[in-house]
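Subject: Structure handover

Hello,

Here is the structure you asked about. My notes on what I found follow below.

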Amino acid sequence: MEVQNVSGENENVKQKENDSCEEQTDAAAREDVSSAGSKAESGSKAAEETTARYNRLKLFDKVIQKSLNRFIEHASFKVFASMFLPLYKNNVKRMEEIHKLFTDVLQKSIQEDIIQLMQEGKFESKFNELDKLENEAKDNPDLAWRPSGVPEQDFCSFLMPYYQKQKAYMKLELKRIRAENAALAERVGAGRKSIAHTEQRISTAVDEWKATVTEFETLASSLCPARVFDE
């Protein structure tokens, strides 16, 4: 009897171990299935987000169209007829035609206004610029700017790069102007030297001319004494 009880207990222990192994296997399988499903869902969401990122203009058109449709739905025939009950009671069919014409013209005018606003605001180029900035940010390891909660610091952090660029630009302009002034000063100095040299040459030529005249007068007086003419 004791042997039978021991063997029975061993069989129960083995059965429990097998059951626990099966439960663990089932749990692992369920986890694999759920993780695979979550990965698939996350992958599909990521794909949708990526598609949405690179089709901002289409997404914007879709949102605008949906909003426009909802707006037109609010202008339903029931609401329109309630505003013109006498006409509605007299001729329902005519009122339906008027409502259809009204909604068509309203939708067309709103769409034209939206297109004009998009053209004036250059939405397409702005969306393309956003795509470009996003692509550039992927390769940039630095964190994007975020407000600190202190307006003074945020304002300074926003304006400081601009002022630094202006400072660098002014330094380059100052360097260029100084170089131009130095070149002009050198040209002026060269011109002054040239003028001084010319003045010296003129003075030398005048002195030589005066000396020549003096020599000529001396020679003339020696050849023709004044008493000859007096006689």
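Glu-173, Arg-176 and Glu-180 are joined in a network of salt bridges. Please keep in mind that this is a predicted model.

Arg-176 takes part in two pairings. With Glu-173, the closest N and O atoms are 2.6 Å apart; with Glu-180, they are 2.8 Å apart. Arg-176 and Glu-173 both sit in helix α7 (residues 151-223), 3 residues apart. Arg-176 and Glu-180 are separated by about one helical turn, because they are 4 residues apart in helix α7. An α-helix has 3.6 residues a turn, so residues three or four places apart point the same way. Arg-176 is partly exposed at 40% relative accessible area, as is Glu-180 at 40%. Glu-173 is partly exposed too, at 21%.

The structure holds 4 salt bridges. One of them links Asp-104 and Lys-100, with the closest N and O atoms 3.2 Å apart. These two residues are 4 residues apart in helix α5, about one helical turn. Asp-104 is partly exposed at 38%, whereas Lys-100 is exposed at 52%.

Helix α5 (residues 92-121) has 30 residues and spans 43 Å from first to last C-alpha, close to the expected 44 Å. At its start, a side-chain oxygen of Asn-91 comes to within 3.4 Å of the backbone nitrogen of Lys-93. Just after the helix, Lys-122 has a positive phi of about 55 degrees.

Which residues of α5 are buried? They are Met-95, His-99, Thr-103 and Met-118. The buried residues of α5 pack against α2 (56-74), α3 (77-83), α4 (85-90) and α6 (123-138).

Regards

Methods: Residues numbered from 1 in each chain as written. Predicted model: local features only at pLDDT ≥ 70, side-chain atom pairs only at ≥ 80, totals over all residues. Heavy atoms only, no water. Expected span 1.5 Å × (residues − 1). Buried < 20%, exposed > 50% of the residue type's maximum accessible area, 1.4 Å probe, protein only. Contact = heavy atoms within 4.5 Å. Polar contact = N/O pair within 3.5 Å; in protein donor to acceptor, adjacent residues only side chain to side chain. Salt bridge = Lys/Arg side-chain N within 4 Å of Asp/Glu carboxyl O.
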